[in-house]
Amino acid sequence: MVENKIKLAIGLGSTCAGCDIAILDLKEKIFDLVALADIVFWPTAMDFKLSELEKFNENEIDISLYHGTVRTSEHEHIAHLLRERSKVIIAFGSCSCFGGIPGLCNVTDREGIFNTIYKETPSTVNPEFVTPKTETVVNKHNLTLPELHNDGKALNQVIDVDYYLPGCPPPVELIEKLLPIIKEFIDTGNLPPKGTVIASEKTLCDECPLEKKGKMISKIIRPHEIIPDPTRCLLEQGILCMGPATRGGCGAMCINALMPCRGCMGPTSEVKDQGAKMIGAIASILGVENEKDFSDEDVEKLMDQIKDPLGTFYRFTLPVALVNKRIKERR
Ligand code: SF4
Ligand code: SF4
Ligand code: SF4
């Protein structure tokens, strides 16, 4: 037990709570965490109220983690509260770092979502088209009902963020890296440089155990269509693996189970747009760069084999992607 324990808060936006479970996956190391930190706010785990968070003074909380996409007025309120009350904010998990899976809502808008969910699905019976409120209102029980925003946002699109710990959910080995960071902060007051991503600076391909031979492919194969060779790069076997466009640090978890990477760690620091980077990687492995070998029709046929390109290339990063702006303009 250290003498000067820090105050730690864990706030949330639109979340599946997998990030909370990942913290619990620390198992006995959670005792190391609570030896260093008093958890002063963690509503998923205990009965904390927002009003308790509101009572903290400016910078009174030492470190706050925020997981989930910023999707409603309440999520935004929590993000601002944590920023005001905390010395350090860490975007925890891919929803918070890049917008994540809930950020795929940005392919449409609030009206489109309401129409689909509350009107058009075959199982919906809603003749009066009752939908959630679109403005922040206080109901008869004096409860403030949050407003659903048009867009899902990454945390740094709403507040200033100090550090990032990506992953969906963040791998336990990376969460463990927070412990010495917190210890160092307690002992010396020192912290890593602002903007540090607590993960590898290399791509997943750099840490992948499978063999790459630089082989071209002529067909894209979905994972259930073949039993892949367990020794060879999945992408070179035609299976779409996001490894070339994805930050390492997860220990190639999916690859070790012979499943392609879905890109949950987001891009490396040099890459602005994970999807664009992956499209480039696919173009080169398809040999599209050798234009004389491929007609436009051939390329189109190959690209047609990619089901749901947006969900494949931007599954975790749409709100921060360059294409997000174009989609918004077209809406
Ligand atoms: S990053 Fe993944 S695990 Fe964490 S809240 Fe988002 S969807 Fe859930
Ligand atoms: S593309 Fe996927 S399977 Fe191939 S080396 Fe990269 S991470 Fe490994
Ligand atoms: S292999 Fe890819 S999808 Fe799987 S945990 Fe690692 S980064 Fe995430």
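A cavity here is a set of grid points where a 1.4 Å probe fits but cannot get out, and its volume is the space filled by probe spheres set on the points. The legends below describe a predicted model.

**View 1. The second largest cavity.** The second largest cavity has a volume of about 30 Å³. Its lining consists of Ile63, Val88, Ile90, Tyr163, Leu178, Ile181, Leu191, Pro192 and Ile198. Two elements, β5 and α8, each give two or more residues to this lining. Sorted by class, the lining has nine nonpolar residues, no polar residues and no charged residues.

**View 2. The largest cavity.** The structure holds two cavities of 30 Å³ or more, and the largest has a volume of about 70 Å³. Residues that line the largest cavity are Leu8, Ile10, Ile23, Leu26, Leu33, Ile63, Leu65, Ile90, Ile175, Leu178 and Ile182. Elements that give two or more residues to this lining are β1 (6-12), β3 and α8 (178-188). By class, the lining of the largest cavity has 11 nonpolar residues, with no polar and no charged ones. Ile63, Ile90 and Leu178 line the largest cavity and also line the second largest cavity.

View 3. Strand β5 covers residues 86-92, and six of its seven residues are buried, so the strand is largely enclosed by the rest of the structure.

**View 4. Pairing of β5 with β3.** Strand β3 (residues 61-67) and β5 pair in the parallel sense, over five bridges.

**View 5. Pairing of β5 with β9.** Strand β9 (residues 163-165) pairs with β5 in the parallel sense, over three bridges. Tyr164 in β9 is the bridge partner of Ala91.

**View 6. The shell around ligand 2.** The residues surrounding ligand 2 are Leu204, Cys205, Cys208, Lys212, Cys233, Leu234, Leu235, Cys241, Gly243, Pro244 and Ile255. By class, this shell has nine nonpolar residues, one polar residue and one charged residue. Gly counts as polar and Lys as charged; Gly243 and Lys212 are both in the shell.

Notes. Residues numbered from 1 in each chain as written. Chains lettered and ligands numbered in written order. Predicted model: local features only at pLDDT ≥ 70, side-chain atom pairs only at ≥ 80, totals over all residues. Heavy atoms only, no water. Near = heavy atom within 4 Å. Buried < 20%, exposed > 50% of the residue type's maximum accessible area, 1.4 Å probe, protein only. Helix = DSSP H or I, 4+ residues; strand = E, 2+ residues; numbered from the N terminus. Pairing = 2+ DSSP bridges. 1 Å grid on protein atoms, 1.4 Å probe; cavity = no way out; pocket = protein on both sides within 12 Å on 5 of 7 lines; lining within 4 Å.
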